[in-house]
Amino acid sequence: MTAPTPLNYFKTAPDSLCVRNSAESDMPAIQGIYAHHVLTGLASFEETPPDTAELGQRRAVILRLGLPYLSAEIDGRVVGYSYASPYRPRPAYRHTIENSVYIAEGFAGRGIGKALLRELVARCETGPWRQMLAIIGDSGNAGSIGLHHSLDFRLIGTLRAVGFKHGRWLDTVLMQRELGAGGSRPPMPQA
């Protein structure tokens, strides 16, 4: 596996960057960002980009679960997004979530991903969740591995050759970060 990117790689986000709750009107831009990653990248193991309506439905499910779905905007343009989703559907996993962060083409390395992930973690720490996982496509994805490492995610392991995309086998890197009290005490009873 490639070594994590040095922490100083990530620049400070532009002053005009605004990380906010996503809006339905952001979905065409989000679809464009995600379609680029699906078609050209290895972060997503989807091979056909979902349309705007499908991504809107996925967002609605996330929001119904009380999880955050965020957009990053610079000068009125959506340049990235992030969200948390359930890790697995079985009840015992209900306090563990997974994060996703995507940045528009040409905007990587400007601190946008870090601003999105930092805000996502902060919001999730106010909820009932205790663990956040990053399931990173491609062990060579030094940018995502470095981003997560810079926000206190630790490397858990690598699943070798579990995906096949763009004519090659891909690993999945697992990283984990505690939220709030983590596993140090039982969760609060839900009302």
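Biologist: Where do Arg58 and Glu54 lie, and how many residues apart are they?
Modeller: Both are in helix α2, 4 residues apart, which is about one turn of the helix. Bear in mind that this is a predicted model.

Biologist: Why care about that spacing? Which way do residues three or four places apart point in an α-helix?
Modeller: They point the same way, because an α-helix has 3.6 residues a turn.

Biologist: OK, what does Arg58 form with Glu54?
Modeller: A salt bridge, in which the closest N and O atoms are 2.9 Å apart.

Biologist: How accessible is Arg58? And what about Glu54?
Modeller: Arg58 has 32% relative accessibility, so it counts as partly exposed. Glu54 has a relative accessible area of 30% and is partly exposed too.

Biologist: How many salt bridges does the structure hold?
Modeller: It holds 9. One of them joins the side chains of Glu119 and Arg123, at 2.7 Å from N to O.

Biologist: How are Glu119 and Arg123 placed in helix α3?
Modeller: They are 4 residues apart in α3, which runs over residues 112–124, so about one helical turn separates them. Glu119 is partly exposed at a relative accessible area of 28%. Arg123, at 26% relative accessibility, also counts as partly exposed.

Biologist: What about Arg20, which residue does it form a salt bridge with?
Modeller: With Asp26, and the closest N and O atoms are 2.7 Å apart.

Biologist: Is Asp26 buried or exposed?
Modeller: Buried. Its relative accessible area is 5%, and the cut-off for buried is under 20%.

Biologist: Which residues are linked with Asp26 in a network of salt bridges?
Modeller: Arg20 and Glu73 are linked with Asp26 in that network.

Biologist: Switching to α1. What should its 14 residues span, and how far apart are the end C-alpha atoms?
Modeller: Helix α1 covers residues 27–40. At 1.5 Å a residue it should span 20 Å, and its end C-alpha atoms are 20 Å apart, so the two agree.

Biologist: Which residues of α1 are buried?
Modeller: Met27, Ile30, Gln31, Ile33, Tyr34, Ala35, His37 and Val38.

Biologist: And what covers them?
Modeller: The cover includes helix α2 (52–64) and the strands β2 (69–74), β3 (77–86), β4 (96–103) and β6 (154–165).

Biologist: New topic, α4. How many of its residues are buried?
Modeller: 7 of its 9 residues are buried, so helix α4 (residues 142–150) is mostly covered. The buried ones are Ala142, Ser144, Ile145, Gly146, Leu147, His148 and Ser150.

Biologist: What covers those?
Modeller: Strands β4, β5 and β7 (168–178) and helix α3 are among the elements that do.

Biologist: Which residues is His148 in contact with?
Modeller: Setting aside neighbours within four places in sequence, His148 is in contact with Asn99, Leu117, Ala134, Ile136, Phe153 and Met175. His148 is buried, with a relative accessible area of 3%.

Biologist: What happens just after α4?
Modeller: Asp152 takes a positive phi of about 70° there.

Biologist: Last one, Leu133. Which strand is it found in?
Modeller: Leu133 is in β5, residues 131–137. At 12% relative accessibility, Leu133 counts as buried.

Biologist: What does Leu133 touch?
Modeller: Not counting residues up to four places away in sequence, Leu133 touches Tyr87, Thr96, Ile97, Glu98, Asn99, Phe153, Met175 and Gln176.

Definitions and conventions:
Residues numbered from 1 in each chain as written. Predicted model: local features only at pLDDT ≥ 70, side-chain atom pairs only at ≥ 80, totals over all residues. Heavy atoms only, no water. Helix = DSSP H or I, 4+ residues; strand = E, 2+ residues; numbered from the N terminus. Expected span 1.5 Å × (residues − 1). Buried < 20%, exposed > 50% of the residue type's maximum accessible area, 1.4 Å probe, protein only. Contact = heavy atoms within 4.5 Å. Salt bridge = Lys/Arg side-chain N within 4 Å of Asp/Glu carboxyl O.
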